[in-house]
Amino acid sequence: MDKLRILGIDPGIAIVGVGVVDKIHNAYKPIYYDAVTTPAHTPLERRIMDIYNRINEIITEYKPDAVSVEELFFNNNAKTAFAVGQARGVIVLAAALAGLPIYEYTPLQVKQALTGYGRADKRQIQQMMKLMLGLNEVPKPDDVADALAIAVCHGNSSRFNQQTTALENLINRGGLK
């Protein structure tokens with residue numbers, strides 16, 4: 001496949017980072033990036049409905065080939081974890097209803113795919129996105145840079161996945177033993 005359009009999403013309840021990139025051979029081109037925001041004192045059901053509707057609009061407008069979403073990790077705030085989990089659920093639902101393949105990556109996998117170092121800090125990831133995508137400045141808020149990073153992570157992983165699939169096909173046809 002010469003071109004792959006990837007929608008990367010950093011789920012949240014107050015801020016959902018979204019980024020659409022085209023992977024053309026081994027280069028990336030930013031197509032769209034922004035934050036979906038919901039006001040703090042809005043009822044939860046309204047917030048997740050707004051997130052769902054906006055993700056649907058982005059999918060319809062940009063027609064990605066795949067959606068990559070960051071897996072959730074929370075240390076201590078269960079209330080926030082549940083709300084973000086619900087938002088993440090409607091994000092995955094929107095992609096699934098659109099018939100798109102959904103890929104999930106941990107923060108560690110994203111950092112490893114972009115910098116080769118799983119303990120890279122947020123600033124390193126932001127600078128890498130700025131460089132890789134030829135942006136004039138680091139995308140703000142941080143969630144947007146994270147969404148772009150998640151999309152690029154999938155682009156890097158999909159190359160490996162395609163190579164692995166090709167190798168498996170060759171083995172299955174008896175070409176390698």
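Select Ile150 and, leaving aside its neighbours within four places in sequence, display what it is in contact with: Gly8, Ile9, Asp10, Ser68, Val69, Glu70 and Val110, where contact means heavy atoms within 4.5 Å. Ile150 is found in helix 5, and it counts as buried because its relative accessibility is 0%; buried means under 20% relative accessible area, exposed over 50% and partly exposed in between, with a 1.4 Å probe and protein chains only. A C-alpha to C-alpha distance drawn from Ile150 to Thr106 comes to 9.1 Å, for two residues that are 44 apart in sequence.

Before going on, note that this is a predicted model, in which local features need pLDDT of at least 70 and side-chain atom pairs count only at pLDDT 80 or more, while totals for chains, interfaces and linings use all residues. Residues are numbered from 1 along each chain as its sequence is written, and side-chain values use heavy atoms, with hydrogens and water left out.

**The whole chain**

Colour the chain by secondary structure, which comes to five helices and five strands; these are DSSP runs numbered from the N terminus, helices being H or I with at least four residues and strands E with at least two. Followed from the N terminus, the elements run β-β-β-α-β-α-β-α-α-α. Of the 177 residues of the chain, 41% count as buried, and among contacts between residues at least 6 apart in sequence, 61% join residues at least 24 apart.

**Strand 1 and its partners**

Select strand 1, residues 3–10, which is mostly covered, with seven of its eight residues buried. A hairpin of four residues joins strand 1 to strand 2, and Lys3 has Ile24 as its bridge partner in strand 2.

**The aromatic pair**

The structure holds one aromatic pair. Select Tyr32 and Tyr62, whose ring centres are 4.7 Å apart and whose planes are at 25°, so the pair is stacked; rings of Phe, Tyr and Trp (its six-membered ring) pair if their centres lie within 6.5 Å, and planes under 30 degrees apart count as stacked, over 60 as edge-to-face and the rest as tilted. Tyr32 lies in strand 3 (residues 27–37) and Tyr62 in helix 1 (residues 44–62), so the pair ties together parts that are 30 residues apart in sequence. Both Tyr32 and Tyr62 are buried.

**Arg88**

Move to Arg88, found in helix 2 (residues 78–97). Although its side chain is a charged one by class, Arg88 is buried, because its relative accessible area is 13%. Not counting residues up to four places away in sequence, Arg88 touches Pro11, Val69, Glu70, Glu71, Leu72 and Glu104.

**The largest pocket**

Now show the surface and look for the largest pocket, with a volume of about 390 Å³. Of the 20 residues that line the largest pocket, the closest to its centre are Asp10, Glu70, Pro107, Lys122 and Asp146. The elements that give two or more residues to this lining are helix 3 (107–115), helix 4 (122–133) and helix 5 (142–172). A pocket is an open set of points, on a 1 Å grid over the protein atoms alone, where a 1.4 Å probe fits, with protein on both sides within 12 Å along at least five of seven lines, and lining residues have an atom within 4 Å of a point; the grid points are joined across faces, edges and corners, and the volume is the space filled by probe spheres set on them. By class, the lining has 12 nonpolar, one polar and seven charged residues, where Ala, Val, Leu, Ile, Met, Phe, Trp, Tyr, Cys and Pro count as nonpolar, Asp, Glu, Lys and Arg as charged, and the others, Gly among them, as polar.

**Backbone stops in the loops**

Most residues other than glycine have a negative phi, and most peptide bonds are trans. Select His25, in the loop between strand 2 and strand 3, where phi is near 55°, a positive value in a residue other than glycine; His25 counts as exposed because its relative accessibility is 54%. Lys63, in the loop between helix 1 and strand 4, has a positive phi near 45°. Finish at Pro141, in the loop between helix 4 and helix 5, where the peptide bond from Lys140 to Pro141 is cis, with omega near -10°.

Methods. Pairing = 2+ DSSP bridges.
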